[in-house]
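Trainee: I would like to learn how to read a protein model with care, one feature after another. Could you show me the structure and then take me through it?

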Amino acid sequence: MICTEMRERLEIKNFQYHSSESSILSDKWHGKPYYSLNAYLKNTYGKRIKKISINGGFTCPNRDGTLDTRGCIFCSAGGSGDFAIPWTSMPGAGNAAPHFFDTSQQTCIPMKPESSIVHSVDKLDKVKKAKQNTDETIDPYIAYFQAYTCTYAPVPYLNRLYRHALDNPAVMGISIATRPDCLPEDVLSLLSRLKENYPGKFIWVELGLQTIHEQTARYIRRGYPSGCFSHGVKQLHQQNIPVIAHVILGLPGENKDMMLQTIDYINSLPVAGIKLQLLHVLKGTDLAKNYHTGEFSVLSMDDYLTILIACICRLSPDIVIHRLTGDGPKELLIAPLWSRDKKRVLNGLHKRMELENAYQGKNYKIQKGTISHEPRTPNPI
Ligand code: SF4
């Protein structure tokens, strides 16, 4: 049951919610106690839209030696995009030869079949089936450039890649995962041009923050200060590009209060969406080495749900929640193993939120000095 207090909170900043309590639940959040991505997509486009993860052949400054060669401490060899398919396998992509951008050679070179990062047989089957059909019969989808840092290449390469996706009639829009220190002027100008050239499609940018605590950021080898994140958010917002922030819950050395401080920081910025990701320990990472030496322990499911609910309650009610758990590939996952059963986690979350009368924004506080921003998701098409 949504209380009057929440309605008042929703109305504080003219978030464009309906005014009656029941309509907030039934129309806006579709019965969930938070504003999910599915609810946002249904509200905006009238239906759920699948996301297909794409490997655009990128690398990352944290891996190619520019900042580091080891990557973030938790990052798998697949560049946090282990389910991503090569970009030329996108449904409706035609017969373009797969290429990737080689930073050492600063050029595009053909992608070897064995370098394609494909772990999901299911997904490939779907892609194959879709390719046998005409474009008209392919379900619309979001092309999600996920693996590595998907703005980290020369602009002509990015231009070709993004247009390849946006030209595809089955693609409703693109979502680009990147780092805030990889948004130079020419990349921002490209995104702005693409927005103009494809007025019927959307462009989202997913920016890694993980935490606002600099000590943790150093431990995970993030490679940029939190101020760089806020700068990136503001630049993208100025261009009317919705930003989705990535946050990791359960990082070594962080307690619940510290994680809530990260949520407060997100609330204070013009961020349109958030991914709340449980820390996964994956095989082959330095985090796994530290885990095996007993340097830290992972969260139990119960503890995770307690923290997650606190974060959802603290989150501004107009921020769309894109993720509540995580997608660690089963064959790489070391811990926590309970996270493999996503359905159980989500059922547990919904049950506890109902019991605790918890809902997004319940404990949201408008911070002093908060930037004025409205709306967070600019001009949905
Ligand atoms: S920035 Fe992303 S791709 Fe690069 S090392 Fe970190 S998690 Fe991996």
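Mentor: What follows is a conversation about reading helices, loops, backbone angles and confidence in this structure.

Trainee: What kind of model is this, and how are its residues numbered?

Mentor: This is a predicted model, in which local features need a pLDDT of at least 70 and side-chain atom pairs count only at pLDDT 80 or more, while totals for chains, interfaces and linings use all residues. Residues are numbered from 1 along each chain, as its sequence is written.

Trainee: What is the average pLDDT of the protein chain?

Mentor: The pLDDT is the predictor's confidence in each residue, on a scale from 0 to 100. The protein chain averages 81, and 73% of the residues score at least 70. Over residues 1-23, however, the pLDDT is below 50, and this stretch has 29 contacts in the model beyond near neighbours in sequence, a contact being a pair of residues whose C-beta atoms, placed from the backbone, lie within 7 Å. Residues 93-125 also stay under 50, and for them the model has 49 contacts beyond four places in sequence.

Trainee: How many helices and strands does the protein chain have?

Mentor: Helices (H or I, at least four residues) and strands (E, at least two) are DSSP runs, numbered from the N terminus. The protein chain has 12 helices and 12 strands. Among its contacts between residues at least 6 apart in sequence, 82% join residues at least 24 apart.

Trainee: What share of the residues in the protein chain is buried?

Mentor: A residue is buried if 20 or more other C-beta atoms lie within 10 Å of its own, exposed if 12 or fewer, and partly exposed in between, with C-beta atoms placed from the backbone. By that rule, buried residues make up 43% of the 381 residues in the protein chain.

Trainee: How far apart are the end C-alpha atoms of helix H8?

Mentor: The expected span of a helix is 1.5 Å times one less than its number of residues. Helix H8 (residues 226-238) has 13 residues and should therefore span 18 Å, and its end C-alpha atoms are 19 Å apart, which agrees.

Trainee: Which residues of H8 are buried?

Mentor: An α-helix has 3.6 residues a turn, so residues three or four places apart point the same way. In H8 the buried residues are Phe-229, Ser-230, Gly-232, Val-233 and Leu-236. Seen down the axis, these buried residues of H8 fall within an arc of 160°, so they line one face of the helix; the arc is that of the directions from the helix axis to the C-beta atoms. They pack against strand S7 (202-210) and strand S8 (243-249), whereas the face of H8 turned away from the buried side carries the exposed residues Gly-227 and Gln-238.

Trainee: Which residues are buried in H12?

Mentor: In H12 (residues 342-355), Val-345, Leu-349 and Met-353 are buried. They cover an arc of only 60° around the axis, which puts them on the same side of H12. These buried residues pack against helix H11 (301-314), and on the other side of H12 the exposed residues are Lys-343, Arg-344, Asn-347, Lys-351, Glu-354 and Leu-355.

Trainee: Where is Leu-269 found, and is it buried or exposed?

Mentor: Leu-269 is found in the loop between helix H9 (256-267) and strand S9 (273-278), and it counts as buried because it has 20 C-beta neighbours inside 10 Å. Leu-269 and Ser-230 are 39 residues apart in sequence, and their C-alpha atoms are 7.0 Å apart in space.

Trainee: What is the phi of Gln-210, and where does Gln-210 lie?

Mentor: Gln-210 has a positive phi of about 70°, although it is not a glycine, and it lies in strand S7. With 22 other C-beta atoms within 10 Å, Gln-210 is buried. Asn-357, in the segment after H12, has a positive phi near 50° and is likewise a residue other than glycine, but Asn-357 is exposed, with 12 other C-beta atoms within 10 Å.

Trainee: Which peptide bond is cis?

Mentor: The peptide bond from Ala-335 to Pro-336 is cis, with omega near -5°, and Pro-336 has its place in the loop between strand S12 (333-335) and H12.

Conventions:
Contact = placed C-beta atoms within 7 Å.
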